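Good morning, and thank you for coming.

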Amino acid sequence: MRFAKRLAKAAAPEVELRTVETADALTGVLAPRGWTGARVEAWLDWSETITPIAGETETGRAALLNGG
């Protein structure tokens, strides 16, 4: 007996380049199109709290924004 697939592959979210003003600079990030500016800023704040994995050369926001 064959079973039909119940879960379809989820499509990647549509992203757009957003410019966010931080205390010291303007930062360009790719963010999902439907996110508000406040949500993007909250995600950036959260990314600062990430601790690096042993051996990583980039930390926090830089690693996340560069796909790491």
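Two strands are said to pair if DSSP finds at least two bridges between them. Strands (E, at least two residues) and helices (H or I, at least four) are DSSP runs, numbered from the N terminus. What you see is a predicted model, in which local features need pLDDT of at least 70 and side-chain atom pairs count only at pLDDT 80 or more, while totals for chains, interfaces and linings use all residues. Residues are numbered from 1 along each chain as its sequence is written, and side-chain values use heavy atoms, with hydrogens and water left out.

Let us start with the strands. Strand β1, residues 15-21, pairs with β2 in the antiparallel sense over seven bridges.

Is A31 buried or exposed? A31 counts as buried because its relative accessibility is 3%, where buried means under 20% relative accessible area, exposed over 50%, and partly exposed in between (1.4 Å probe, protein chains only). Leaving aside residues up to four places away in sequence, A31 touches E14, V15, E16, R18 and V40; contact here means heavy atoms within 4.5 Å. A31 and V15 lie 16 residues apart in sequence, yet their C-alpha atoms are 5.2 Å apart in space.

A31 also belongs to the largest nonpolar core, together with V20, V29, V40 and L44. Two or more residues of this core come from each of β2 (26-32) and α1 (37-47). Such a core is a set of buried Ala, Val, Leu, Ile, Met, Phe, Trp, Tyr and Cys residues joined through side-chain atoms within 4.5 Å.
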